[in-house]
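Please look over the sequence and the model, then read the points below.

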Amino acid sequence: MASNAAMPFWRAAGMTYITYSNICANLVRNCLKEPHKSEALSREKVHFSVSKWTDGKPEKPS
Amino acid sequence: MAMAALRREGRRCFSPLNSPNPIAAVRSSLIPASEYDFSLTFSLLLTVFLVVSLSQRRVFVFVSACEQSPLGVRSISTQVVRNRMKSVKNIQKITKAMKMVAASKLRAIQTKTENSRGLWQPFTALLGDTPSVDVKKNVIVTISSDKGLCGGINSTSVKTSKNIHKLASGPDKETKYVIMGEKGKAQLIRDSKKDIELIITELQKNPLNYTQVSALADDILKNVEFDALRLVFNKFQSVVSFIPTMATILSPEVIEKESEVGGKIGDLDAYEIEGGETKSEILQNLAEFQFSCVLFNAVLENACSEQGARMSAMDSSSRNAGDMLDRLTLTYNSLEAVSRAENRITERDEAKIKGVCWDLEPVKQLSPPN
């Protein structure tokens with residue numbers, strides 16, 4: 001099976017299962033017809049801010 | 001100004017005018033000029049006319065009592081109460097509006113939350129929930145809201161996280177925080193600064209969706225080392241009840257170790273594995289996917305609880321504002337009654353001192369002629 005053969009490759013590329021499945025999901029979404037396609041894509045907006053802390057201080061806000 | 005001219009003349013024959021004058025001079029700083037001019041001139045003329053032509057003491061007293069009301073000095077104390085009433089009324093309007101907004105947001109998010117519960121249930125059926133698992137590296141994911149005015153949900157989740165932190169910490173153990181939301185951050189920075197690993201905010205700028213939360217879960221997985229993740233959030237029960245909840249997610253290695261020991265996870269061997277993958281590969285994928293699903297549900301549950309809590313908080317605060325308004329209205333009414341009575345007395349006393357009306361009747365009879 002193709003997916004089984006691909007498994008180790010995405011893991012080797014430093015992806016987690018979540019990233020991998022998100023890419024797959026996005027591919028599927030892109031296969032939709034209009035107007036469902038733009039609707040589905042507009043629903044999936046990603047926005048948040050992360051700041052990493054070490055020893056009680058924020059490293060750099062991103 | 002008519003009044004100023006009359007005062008400068010200072011003629012005795014106009015002595016009835018002198019009685020309202022000192023009061024009016026004090027008042028002048030308290031009222032806007034236009035209102036002052038009109039009402040004072042008008043009432044002066046009226047008083048002069050009535051006193052001179054009719055020379056009836058009853059009418060005089062009655063008119064001067066009337067003259068007081070548009071000037072509004074007697075209500076120096078009632079003015080304060082009136083301002084307060086106005087501000088309370090405005091606050092009540094705001095809280096009512098916030099309640100309506102929260103109610104409509106809640107309706108949208110509640111269905112989403114209830115649907116998302118189907119995401120973690122299969123995982124719990126497969127891997128079980130193991131809150132008591134004892135591992136070295138614990139990471140507590142505290143989920144809170146970005147905005148305030150939503151009752152105690154943020155402090156409950158912070159308190160629960162702190163308790164879990166206390167339980168999980170030991171001599172050779174490491175416990176860290178991953179904080180989501182401004183409010184949890186503000187509370188945890190105060191005393192657990194050194195244990196913070198990651199802070200995530202502005203999650204709810206757009207409506208919550210799985211893509212967003214899974215990207216977030218990905219970030220947490222990449223940046224934080226853990227043996228067990230403890231997600232702390234408020235599970236939505238109803239508009240008025242939220243249960244502080246902890247969901248545990250184990251790292252693949254720990255799952256494997258636990259499955260050898262037995263118990264719920266031990267049943268995992270009963271499943272047949274398709275394809276060429278090893279068990280550890282499957283477990284790793286599963287653990288990652290489980291984390292993103294549980295996190296999605298947790299974020300939604302917490303957002304739902306936030307709206308519910310805000311709704312009930314705003315409901316009770318608008319009710320409190322209503323109660324306060326009732327009390328203030330009572331105070332206002334009694335104050336006004338008192339000051340009205342007082343004004344009549346002082347007016348009469350002043351007139352007596354000035355020698356204008358020397359044979360006034362007692363106060364109790366000082367009422368308008370019927």
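The points below cover the chains, the contact between them, the strands and the salt bridges.

This is a predicted model, in which local features need pLDDT of at least 70, side-chain atom pairs count only at pLDDT 80 or more, and totals for chains, interfaces and linings use all residues. Residues are numbered from 1 along each chain as its sequence is written, chains are lettered from A and ligands numbered from 1 in the order in which they are written, and side-chain values use heavy atoms, with hydrogens and water left out.

**The two chains**

- Chain A has three helices and two strands, in the order α-α-α-β-β along the sequence. Helices (H or I, at least four residues) and strands (E, at least two) are DSSP runs, numbered from the N terminus.
- Of the 62 residues in chain A, 27% are buried. Buried means under 20% relative accessible area, exposed means over 50%, and partly exposed is in between (1.4 Å probe, protein chains only).
- Chain B holds eleven helices and five strands, and 44% of its 370 residues count as buried.
- Within chain B, 75% of the contacts between residues at least 6 apart in sequence join residues at least 24 apart. Contact means heavy atoms within 4.5 Å.

**Where chain A meets chain B**

- The contact involves 23 residues of chain A and 33 residues of chain B.
- About 2,600 Å² is buried between the two chains, with 52% of it on carbon and sulfur atoms. Buried area is the accessible area (1.4 Å probe) that two parts lose on being put together, summed over both.
- The interface has 15 residue pairs in polar contact, both residues being at pLDDT 80 or more. A polar contact is a pair of N or O atoms within 3.5 Å; within protein, one must be able to donate a hydrogen and the other to accept it, and residues adjacent in sequence count only if both atoms are side-chain atoms.
- On the side of chain A that touches chain B, the elements giving two or more residues are α1 (2–12), α2 (17–30) and β1 (49–54) of chain A.
- β1(A) pairs with strand β3 (residues 196–201) of chain B in the antiparallel sense, over four bridges. Two strands pair if DSSP finds at least two bridges between them.
- In that pairing, S49(A) has T201(B) in β3(B) as its bridge partner.

- D218(B) sits in helix α9 (residues 210–223) of chain B and is buried, at a relative accessible area of 8%.
- Apart from neighbours within four places in sequence, D218(B) is in contact with T16(A), I18(A) and T19(A).
- The side chains of D218(B) and T16(A) make a polar contact at 2.4 Å.

**Strands of chain B**

- Strand β4 (residues 228–238) of chain B is largely enclosed by the rest of the structure, because eight of its eleven residues are buried.
- β4(B) runs parallel to strand β1 (residues 137–143) of chain B, to which five bridges join it. R230(B) in β4(B) is the bridge partner of I140(B).
- β4(B) runs antiparallel to strand β5 (residues 241–250) of chain B, with ten bridges between the two. They form a hairpin with two residues between them.
- In β5(B), A247(B) is the bridge partner of L231(B), and S241(B) stands opposite S238(B).

**Salt bridges**

- Over all chains there are 14 salt bridges. A salt bridge is a side-chain nitrogen of Lys or Arg within 4 Å of a carboxyl oxygen of Asp or Glu.
- One salt bridge crosses the interface of chain A and chain B. It joins R11(A) to E288(B), with the closest N and O atoms 3.0 Å apart.
- R11(A) is partly exposed at 25% relative accessibility, whereas E288(B) is buried at 8%.
- K173(B) and D134(B) form a salt bridge (2.8 Å, N to O). K173(B) lies in the loop between α7 (153–168) and β2 (174–180) and D134(B) in the loop between α6 and β1 of chain B, so the pair ties together parts that are 39 residues apart in sequence.
- K137(B) and E225(B) also form a salt bridge (2.8 Å, N to O). K137(B) is in strand β1 and E225(B) in the loop between α9 and β4 of chain B, so the pair ties together parts that are 88 residues apart in sequence.
- A network of salt bridges links K99(B), D315(B) and R319(B).
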